[in-house]
Amino acid sequence: MIAGLSPLVGLYAAFVMGLVTSIFGGRPGMISGATGAIAVVIVALANSHGVEYVFATVVQAGILQIIAGTLRLGTLMRLVPLPVVYGFVNGLAIIIFMSQLDQFKNPSGDWLTGSALYVILGLVLLTMLIIWGLPKITKAVPASLVAILVVFGVVVAFGIDTKTVGDIASIQGGFPPFHIPDIPFTLETLTLIFPYAAIVAGVGLIESLLTLELIDEITETRGRTNKEAAAQGVANIASGLFSGMGGCAMLGQSLINISNGARARLSGIVAAVALLLFIMFGAGVIEKVPMAALTGLMIMVAIGTFEWVSFKVLDKYPKSDIIVMVIVILVTVFLHNLALAVLIGVVISALVYAWGNAKRIRARKRIDEKGIKHYEIYGPLFFGSIKMFNEKFDVLNDPKEIIIDFRESRIVDMSAIEAVNKLTERYHKVDKKVYITNLSSSSHKLLIKADKMINVNVLE
């Protein structure tokens, strides 16, 4: 609906994505399908060029994801700090909750009143009560499934007039048709769809791998990020060829699956096959399911998804981490751009880390019996700490020879090499010699590589 496509385009994607990633993915129990995050990316392309270009974009995005998995780029998720993960999850939980509020409005967008409001509110609360209370009695059957069936039964038995799935859209269809995208295979077409494909691939991988990390934390197991990235790529290619809009891992459905005890691949396979059976044979029944039951379920998912522990540690975390978490939440909620939210969070966290390390550089100074001045450097020397590093030296008043000791420091980047080079030049101008000693192997290699552009005396 967000992308302005037929519901079947999304449902076919949910079947294909769910089936392929369940069989080949790196996180058993995780459910993939068509998602709002992907829909937001392709909406402009769908409106301007039509669904055929969307199919082609999804196929190209899948190829990019396979390349990412092959190059083992999934391991980059280790660079995503915890405040960013909390912000992503909390923002998504808020989006899930806010999207359910539409069920309490009439077609004109006004809030329901009177008996219509009380009916849907009562059914939603009944659903939530069953999902909350049944696991305390028995876990033999999934509480969410029982809640849906009970509310369905109540609505049918008492003839209650309430909104159903069929009021939103019909899900009646056949088996996903194999279909090569009907577009001109030219460089112009490639240039048009590539930016969309790159964003789809990036958003899909970020959302999928963050969902994987969250499920890893819940289940206390370890998923395989690179295998999941490649599986997402294969799934998107298959989705585009079988008339689907593409997608990625779905946090809400994955949490429903995991919270009901699913840990193996069979759960995702059954979910995908059952969805196809509903489309082909059970649409008439599914379309009668009350939206109130699904609304209650998704509100409980939102409550369960939200990292409430993040409130408890607000006074224990550094202020910078709290700011990062809040920014990621706000970007996620207001822009619905998960990739941008995570990217902004990672960049801010990296800058905060760099600033913190820049302030840690220290220099202990002493003059030995030969009159040589020693500077013992502590902390990493990189682009952020260069200014403070230079302030440690007294070029004019130092003796004829000085030794800079890097035993407790590291030369990290090109900016650091250039800083050391310029410092030695300042000493040379006043006819003084500088020696570098106790370099780490990595720092030594950097200086050797930069030998043509620097003039530094290194003591072995």
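Guide: A nonpolar core is a set of buried Ala, Val, Leu, Ile, Met, Phe, Trp, Tyr and Cys residues joined through side-chain atoms within 4.5 Å. Buried means under 20% relative accessible area, exposed means over 50%, and partly exposed lies in between (1.4 Å probe, protein chains only). This is a predicted model, in which local features need pLDDT of at least 70 and side-chain atom pairs count only at pLDDT 80 or more, while totals for chains, interfaces and linings use all residues. Residues are numbered from 1 along each chain as its sequence is written, and side-chain values use heavy atoms, with hydrogens and water left out.

Visitor: Which residues touch the most other members of the largest nonpolar core?

Guide: That core has 41 residues, and those with the most contacts to other members are Leu 5, Ile 42, Val 80, Phe 88, Leu 210, Met 245 and Val 342. Elements giving two or more residues to this core include α1 (7–24), α4 (82–100), α15 (319–335) and α16 (338–358); helices are DSSP runs (H or I, at least four residues), as strands are (E, at least two), numbered from the N terminus. The largest share, eight residues, comes from α8. Leu 210 touches Met 77, Val 80, Val 85, Phe 88 and Val 342, leaving aside residues up to four places away in sequence. Contact means heavy atoms within 4.5 Å. Apart from this core lies another, of 28 residues, including Ile 96 and Val 124.

Visitor: Why is Thr 211 called buried?

Guide: Its relative accessible area is 0%, which is under 20%, so Thr 211 counts as buried. Thr 211 sits in helix α8 (residues 187–219). Beyond four places in sequence, Thr 211 touches Met 30, Ala 249, Leu 251 and Ser 254.

Visitor: What makes Arg 72 and Glu 220 exposed?

Guide: Arg 72 has a relative accessible area of 53%, and that is over 50%, so Arg 72 is exposed. Glu 220, at 72%, is exposed by the same rule. Arg 72 lies in the loop between α3 and α4, and Glu 220 in the loop between α8 and α9 (225–241). Most residues other than glycine have a negative phi. Arg 72, however, has a positive phi of about 60°, and phi of Glu 220 is near 55°.

Visitor: Why are α2 and α3 called oblique to each other?

Guide: Helix α2 (residues 36–49) and helix α3 (residues 51–70) pack at about 140°, with axes 7 Å apart. Axes are lines fitted to C-alpha atoms, for helices over the stretch in contact, and angles run from 0 to 180 degrees between N-to-C directions. Angles under 35 degrees count as roughly parallel, over 145 as roughly antiparallel, 65 to 115 as roughly perpendicular and the rest as oblique. An angle of about 140° falls in the rest, and α2 and α3 are therefore oblique.

Visitor: What makes α10 roughly perpendicular to α13?

Guide: α10 (251–259) and helix α13 (residues 291–305) pack at about 85°, with axes 10 Å apart. That angle lies within 65 to 115, so α10 is roughly perpendicular to α13.
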